[in-house]
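This briefing concerns selected local features of one structure, grouped by topic. Please consult the sequence and the model shown here.

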Amino acid sequence: MPENVTFSKQGSTGIISVNNPPVNALSQAVRAGIKAGVEKGIADKDITAMVILCEGRTFIAGADIREFGKPPLEPFLPDLVQFIEDSPKPVIAAIHGTALGGGLEISLGCHFRIALASAIVGLPEVKLGLLPGAGGTQRLPRLAGVQAALEMIVSGTPITAAKAQSMGIIDEVVGGDLKVAALVFAQKVIDEKRPIRKVSTLTAKVGNPAVFDEYAKRIARKQRGFLAPFQCIKAVEAATKLSFSEGMKRERQLFMELKDSSQSRAQRHVFFSEREVVRIPGLPNDYPTREIKSVGVVGAGTMGGGIAMCFVNAGIPVVLLEVKQEFLDKGFGIIRKNYANTVTKGSLKQEVMDQRMALIKSTLSYEDLNDVDLVIEAVFEDMAVKKEVFAKLDTVCKPGAILASNTSYLNIDEIAATTKRPQDVMGMHFFSPANVMKLLENVRGAKTAPEVYATAMKIGKKISKVPVLVGVCDGFVGNRMLAKRSRECGFMLEEGALPQQIDKVIYDFGFPMGPYAMGDLAGLDIGWRNRKAKFDQLTPRERANTILDKICEIGRYGQKTGAGFYKYDDKRNATPDPLIEELIVKHSQEVGIKRRAITDQEILERAIYSMINEGAKIMEEGIAARPLDIDVVWIYGYGFPVYLGGPMFYADQVGLKKIYAAVLKYKGMVGAEYWEPSPLLAKLAKEGKGFYSK
Ligand code: T1G
């Protein structure tokens with residue numbers, strides 16, 4: 001027996017115990033071990049039943065995703081599941097923690113399933129661009145029904161043991177020691193001569209044969225661009241139309257198509273990047289951090305309120321400071337309304353809302369921040385205002401308190417220099433709405449102590465964010481790259497494109513929205529204010545590109561004024577506005593640009609490749625330590641399609657040679673000032689390598 005699977009006997013029950021930390025993934029050795037264990041149990045005449053259970057914090061959390069890029073080794077998982085199901089002796093799965101993917105499929109191959117009340121079960125393969133490839137799409141509809149199987153497999157969202165029992169997936173929810181409960185259950189099966197129930201022999205009944213088309217229509221908008229959810233539907237449909245063995249063949253065929261797809265490679269890349277991003281290169285994983293037991297938030301505006309919610313959601317008390325009572329009341333009111341909406345939707349209990357609200361203490365006095373472990377400043381984006389706040393924090397906060405700014409682009413080092421403790425100052429850049437968006441850009445200043453940014457990474461995970469560590473520069477990683485895309489889109493408007501054409505290209509690429517529809521949603525006045533604030537840093541051509549100014553000067557701020565780049569009906573449906581086309585065409589004449597037809601391919605290349613080129617510069621400067629930091633920022637903060645893996649992973653799929661050639665082309669067309677190739681991009685392209693090449 002491989003060492004990470006053991007077989008033991010308790011009375012007449014054989015115990016097959018898996019111990020493959022951290023999540024008992026079904027590596028080749030584990031599969032072989034389980035097979036050997038079941039073989040032993042079948043062969044041993046004293047054994048009347050078997051139990052499969054796991055050591056450690058969880059039941060099997062799926063196939064070993066790291067094995068996907070490698071040649072598959074026997075025993076293959078579908079065969080192992082069938083081998084378990086074909087056992088002449090009852091096999092019981094005893095589940096704790098998570099039974100996910102191949103882990104639940106193993107359980108579905110067992111004849112009975114018991115679980116602790118705290119366990120969750122699910123088939124999340126779709127989140128990896130895959131589908132359950134070891135019988136899950138054929139057995140689950142037979143056991144839990146077609147509708148339930150569609151929900152679980154297409155969403156990939158796990159369910160509780162109680163829910164799984166109500167759906168017939170789990171036979172019994174048990175308490176106490178799981179092994180003991182499993183032995184009792186096994187004896188009951190034997191004593192009651194319960195017949196072995198093979199799930200594959202059940203029938204997947206479908207009431208309304210149109211359910212599959214209807215389901216595909218229902219998810220079309222939300223799952224736009226993804227392959228896997230629709231393949232999942234086809235696989236479940238096969239369970240209702242084909243015999244079990246034919247259905248398994250269909251599942252395998254659909255699975256292999258997805259496994260080798262660029263989408264699944266991208267989504268598996270994101271799975272591991274999201275876990276790797278919290279590790280700080282050059283710093284041991286257990287580097288000492290400071291304890292954060294209480295937090296102060298300065299500013300109760302939209303961002304401040306959302307940030308406060310993040311911490312109280314994690315049970316950390318917050319002191320919320322404002323300069324005026326009316327601002328405090330307004331901020332508090334927004335927080336209360338946000339929670340009340342969630343309670344109304346039924347995804348939060350009233351008493352939990354009350355507990356969280358009770359953790360927020362509001363104040364008008366900086367003195368009340370004298371004992372917090374971390375302060376996050378979320379006031380108006382103005383350097384003078386920020387410096388004033390940090391000067392005050394420097395006087396009132398206790399030694400060792402971390403002072404962080406939520407600025408989205410201002411210079412952290414300049415802010416830190418206003419304090420006597422720059423080693424305790426850094427940026428913690430949340431994204432709006434802060435209580436929803438997963439990304440947290442942690443910005444380490446030149447003098448920020450490793451212990452401080454290591455703490456920010458740890459607390460970021462604790463408040464359920466995906467924290468990414470970046471360096472100080474204008475716009476950090478996300479906004480800096482976004483500025484290049486916005487610049488190029490603005491230039492293409494002048495040269496011949498229209499907002500709706502550019503938006504369609506970006507939308508079809510996979511972003512939730514194009515830049516002009518996004519601008520109208522967020523409010524053009526915000527972008528206009530930033531443009532004015534940064535006017536001195538703009539190039540002459542950018543200054544002359546006054547299309548946004550002209551639109552705002554006529555009071556068109558977007559959806560909130562009923563018109564912006566588009567005009568909106570009372571249901572906020574957007575339509576292109578001939579007035580805007582006229583304004584843009586007239587602007588081109590004024591700045592002496594002869595308009596020309598711009599292809600969708602040019603729009604895509606200038607919008608996306610300008611970001612990739614900037615991403616390479618960000619890596620060169622060490623603002624981002626790895627390409628995965630950039631990919632995670634864009635996936636969790638800017639809606640970059642997860643099935644493309646992020647801008648740097650995507651670049652490698654396109655090929656850096658092709659991107660470098662395009663950058664050189666646009667350097668000639670638009671100007672070296674804007675399209676100077678990153679030396680790293682040039683080097684990797686010449687070497688035929690990618691950003692992720694080893
Ligand atoms: N394979 C390999 N490594 C895995 C893994 C897996 N399935 N799951 C987790 N890890 C690693 C992870 O990279 C990290 O490593 C460590 O374990 C801890 O994970 C045929 C095709 C179980 C809920 O999609 O959702 O079965 O960074 O930090 O927050 O149908 O991990 O420490 O080096 O996430 O407590 C389907 C994936 C696979 C579940 C635990 N299964 N895992 O969360 O810890 S496809 C999944 C999770 C499949 C079959 C198919 C979570 C978790 P490192 P962690 P956590």
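At the start of H30, a side-chain oxygen of Ser678 comes within 3.1 Å of the backbone nitrogen of Leu680. The model is predicted, with local features needing pLDDT of at least 70 and side-chain atom pairs pLDDT 80 or more, while totals for chains, interfaces and linings use all residues. Residues are numbered from 1 along each chain as its sequence is written, and side-chain values use heavy atoms, leaving out hydrogens and water.

**Helix H30**
- Helices are DSSP runs of H or I with at least four residues, and strands are E runs of at least two, numbered from the N terminus.
- Gly688 follows H30 and has a positive phi, near 65 degrees.

**Helices H4 and H10**
- The axes of H4 (residues 136-144) and H10 (residues 244-259), which are lines fitted to C-alpha atoms over the stretch in contact, come within 8 Å and cross at roughly 135 degrees, on a scale from 0 to 180 degrees between N-to-C directions.

**Residue His111**
- His111 lies in the loop between helix H3 (102-109) and strand S6 (112-116).
- His111 counts as buried because its relative accessibility is 0%.
- A polar side-chain atom of His111 is 2.8 Å from the backbone oxygen of Glu85.

Definitions and conventions
Polar contact = N/O pair within 3.5 Å; in protein donor to acceptor, adjacent residues only side chain to side chain. Buried < 20%, exposed > 50% of the residue type's maximum accessible area, 1.4 Å probe, protein only.
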